[in-house]
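Hello,

Here is the structure I promised to pass on to you. Have a look at it first, and then read on for what turned up in it.

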Amino acid sequence: MKIVIEYNPISFKTEISSDNQDVLNELEQTIQDIKQSGKRITSWFENFITRVKEETNQEVFHLEVKGCDEYEAKYIREINGFDLLIETISNQKIEEKYKLIDSFIEFAKSSDNSIIKNAIKGHLKNFESFISANVEVPVIATMSSGKSTLLNALIGQNLLPAKNKATTATTCEIKINNSLKNFRGVIYKRSKKEIAVEEEIDGKFIREWNGKANEEGYEDIVILIEGPVKNLNTHKIQLSLIDTPGPNNSQNENHKESTFNYLKDNQNLPIILYILNAQQIATQDDEETLLEIKKAIEDNKENLDRIIFILNRIDGNKVFDKEDPEPVEETIRDVKEYLKKFEINSPKIFPISAEYAKLSQLELDSDDEDSIRRLEDFRRRMSPNGNREGFKLLDNSSLIESQKRLLADIGKGTQLNADLVYSGLAALKLYIEDYIANHHLRIQYNKLYKESHTCSREILDSIIFNESNLKRDSKDEIRKKSAEFVSKKHGLKVLEDTLSKKVLKLEINRKFFTDESFTIQKKKIEANSKINQEKYLSKEIAQNVINELFSFIKNAKLSLKTTLISKMKGEVVDRIEKLKMLASSLFDMKTNNIETNYFSSLMVNNISSINIGDLEQYAVSIEVEKKIIVPKTFLGAETFFGIFAFGEKEVYIKINEDCIDIKEYYTNYIQPLFMELLDSITSFEQIFNDEIKKQDKYFIDKVNSDIRNSSKIIEMSFNKAISLSQSERDIKLNELKLLSNNLKKINLI
Amino acid sequence: MKYTDNIHLINYIESDNIFRFKEELLNSIFFLKGNREELDKVIELAVRKSSFRFDIHQEIDLNQNLSFEDKYAQETLNMKENFSKERLNYLLEIYDTYYSKKEYSYDIPESTKKSSNVVVAVVVVGIAVASLILYKILN
């Protein structure tokens, strides 16, 4: 049978398959639990193998594990019972992935993009918490379980007051800083305000401030001690042990609240050290405390697996009984059974003699005979010596075999090393070191990965939403601008089409031409009528008639040169004003540049000078019968009246008279002048009409040109608006796309 | 008068100068003293020998309160726009009604009245001759 585990050391995602469907079916629930738990392979692998063995009746099977890191591979190799093939991922590759996560978080935190800013808001606190290089390990214990002794053993100094009573009145933070030579102490309030600092402290410092913590005004103080801890490599991580007040401290209910609030507020704690008294397992206090812990961290059940149970005082009477000593294994089995009550099924248990560990590290005064005696006693009883096997605490600690072997070797070294190994402290320290070096980082980045993944998913969703909004907004905008553009263009087109009609509708006053023509025509007709009445006129009469006509023609010509042209100019100016008014009524347009040259001087000279023809050419001698009045005598009246025949009488006599052929003269000279006058008016009117047309055309061309320019400007601004909008949209979309790609890189892990 | 006496009319027909011909035709109403027969002849000649044609008549508002002279002048001007037979006939009607009956007097200054001088001279000469004859008879 072959089982394949495909595992991701960053996301902890696991897929398990097998060529044996029956076994797979039997393991279905287990596999489902593994997949759902999202735990690291080291936390479920052993149990899984046990389950497989159960289902396969302990038959040897073939196991392929793909994707685990080197540490996980080492852990897996230590478990027997199968043929193993492991494909590991190098730490370098994992580091690269971590860098991607780091870069995503850094990018997201520093981004000005509103989408990212909004998305990261809900994750920022977790990011900061997960990414923190500070690892806080709370140490929780019921009264008399030897917590202070254990902490003193861990730091290798006797700084914390250890008496068989609730000694811890306030939170004490023990910061491990191997760069310091001594422990320094700082007292600060929860407001972070420092109230006391001591560069080199001893047990008195904590004892004093611990006592003060029960006093009014000092309830909220925190004691911070910082210094070196031997044999504890924290791998550049700032490790702090948090000594919480005993939760079962009946003296102060605040202590209990303080401890559990700490757990509630710090759900992402990597591990919790819980100290059990090996001599009093399953006490009421423990039961209550463990239930409270469970309650405090129940939001994240996997935290229960991170509780490290320190079985302190393993050197106590029960297992120390000379007559009938209870093997450590049994005590541990009891503890495991007990912890199942709290749904803690795979507890990490470290049997320890904190007192032995502490004493072995202290530089004991030769006067302190009691301590020396006790240390000697611990060494004699707990370490393998002669025929004795010792307490085998190492064998029963939750370390992998290779670690146990390593410590066993170390225990063969110096006395101190032997003391640390046989007291069980070395195993605990190694676990903490191992956890920080091999678990904490993985779990830290696993959390960061999950948080980043959720955050990036939110960002991607937001990007998709924004993209669709951008596209929709852009479409709406383009539609709106297009409508405006079409409307404006249409308006201008209508204006262009109707402009000529509107201009043509503008009234033109031409009456002064007809008035002038009428006057001349009337005079001409009168002259025509008069002249044609008689063919010949005497020179004198003809001269008079001609003079009168010439005088009229001369005046008419003068009138044309002055009045008519003036009226024409006036009318053209009026026309221009009308055009300007029309333009301003149609749209806001500068029309000051529409001007006229008026009329050319050519027009003024259009009228030739009057040429009075040689009248003599038309002179003729005509025999005319003239009526004359003569005295009657002279006319023969005397025949009847003699000399007395006086008076006058009419007599007709024929005489030759010099006359003018006025009809011919009129036809040849005067009529052409009238016609010239009328022609001039026609010509003026033509010039006037041409000028009006020219002005109209100039105006229409100008307006149409402006309309076309306006149309072009509208088109350009439309195109610009569209392209700007398009380009802005493209930039935003590109930004989103880039962002999306960056996020997907992380999602590809 | 005959139309042939107006050399300009003939020239304009022959040169096909219709614009001038029309003007001259209107002038000829007076020249021919409204003689329709002569006018018809020249029109017929123009139609035959030139591109002259009457326009289709179009009514052009004419204030009927105007005097004959004004109406005549206005219609001659209207003829430039619409040289119709009807309008020509209307002009001829006005001519017959008004111009044909109109008489013009030429106001000649006294000093230039040749006939009066002649009369005075004749009278003076006559008196002188009569005086001479009377003297011879008495002698």
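Let me start inside chain A, at A:Phe674, which touches A:Ile520, A:Lys523, A:Lys524, A:Ala527, A:Leu549, A:Phe552, A:Ile553 and A:Tyr666 when neighbours within four places in sequence are left aside; contact here means heavy atoms within 4.5 Å. This is a predicted model, in which local features need pLDDT of at least 70, side-chain atom pairs count only at pLDDT 80 or more, and totals for chains, interfaces and linings use all residues. Residues are numbered from 1 along each chain as its sequence is written, chains are lettered from A and ligands numbered from 1 in the order in which they are written, and side-chain values use heavy atoms, with hydrogens and water left out.

A:Phe674 sits in helix α23 of chain A. Helices (H or I, at least four residues) and strands (E, at least two) are DSSP runs, numbered from the N terminus. The relative accessibility of A:Phe674 is 0%, so this residue counts as buried; the term means under 20% relative accessible area, with exposed over 50% and partly exposed in between (1.4 Å probe, protein chains only). A:Ala556 is 118 residues from A:Phe674 in sequence, yet their C-alpha atoms are 9.4 Å apart in space.

Helix α23, residues 662-747, also holds A:Thr667. With a relative accessible area of 10%, A:Thr667 is buried. Which residues does A:Thr667 touch, not counting those up to four places away in sequence? They are A:Pro672 and, from chain B, B:Asn6, B:His8 and B:Glu24.

That brings us to the interface. Chain A and chain B each put 35 residues into the contact. The size of an interface is often given as the accessible area lost when the parts come together. Here the two chains bury about 3200 Å² between them, 62% of it on carbon and sulfur atoms; buried area is the accessible area (1.4 Å probe) that two parts lose on being put together, summed over both. On the chain A side, A:Phe518, A:Ile525 and A:Gln533 supply 17% of the area buried against chain B, more than any other three residues.

Now for chain B itself. It has six helices and zero strands, so its elements run α-α-α-α-α-α from the N terminus on. Of its 139 residues, 40% are buried. Among its contacts between residues at least 6 apart in sequence, 64% join residues at least 24 apart.

The axes of α1 (residues 7-14) and α2 (residues 18-31) of chain B come within 9 Å and cross at roughly 155 degrees. Axes are lines fitted to C-alpha atoms, for helices over the stretch in contact, and angles run from 0 to 180 degrees between N-to-C directions. That crossing angle makes α1(B) roughly antiparallel to α2(B); angles under 35 degrees count as roughly parallel, over 145 as roughly antiparallel, 65 to 115 as roughly perpendicular and the rest as oblique. In this pair, B:His8, B:Leu9, B:Tyr12 and B:Ile13 of α1(B) meet B:Arg20, B:Phe21, B:Glu24, B:Leu25 and B:Ser28 of α2(B).

Back in chain A, there are 23 helices and 16 strands, and 48% of the 749 residues count as buried. Of the chain A contacts with a separation of 6 or more, 74% are between residues 24 or more positions apart.

A helix pair here is worth a look too: the axes of α8 (residues 147-155) and α14 (residues 354-361) of chain A come within 8 Å and cross at roughly 40 degrees. This makes α8(A) oblique to α14(A). A:Thr149, A:Leu150, A:Asn152 and A:Ala153 of α8(A) make the contact with A:Ala354, A:Glu355, A:Ala357, A:Lys358 and A:Gln361 of α14(A).

Two single residues remain. A:Thr563, in helix α20 (residues 539-586) of chain A, is partly exposed, with a relative accessible area of 35%. A:Ser111 lies in the loop between α5 (91-110) and α6 (114-121) of chain A and is buried at 10% relative accessibility. Leaving aside neighbours within four places in sequence, A:Ser111 is in contact with A:Ile116 and A:Lys117.

Best wishes
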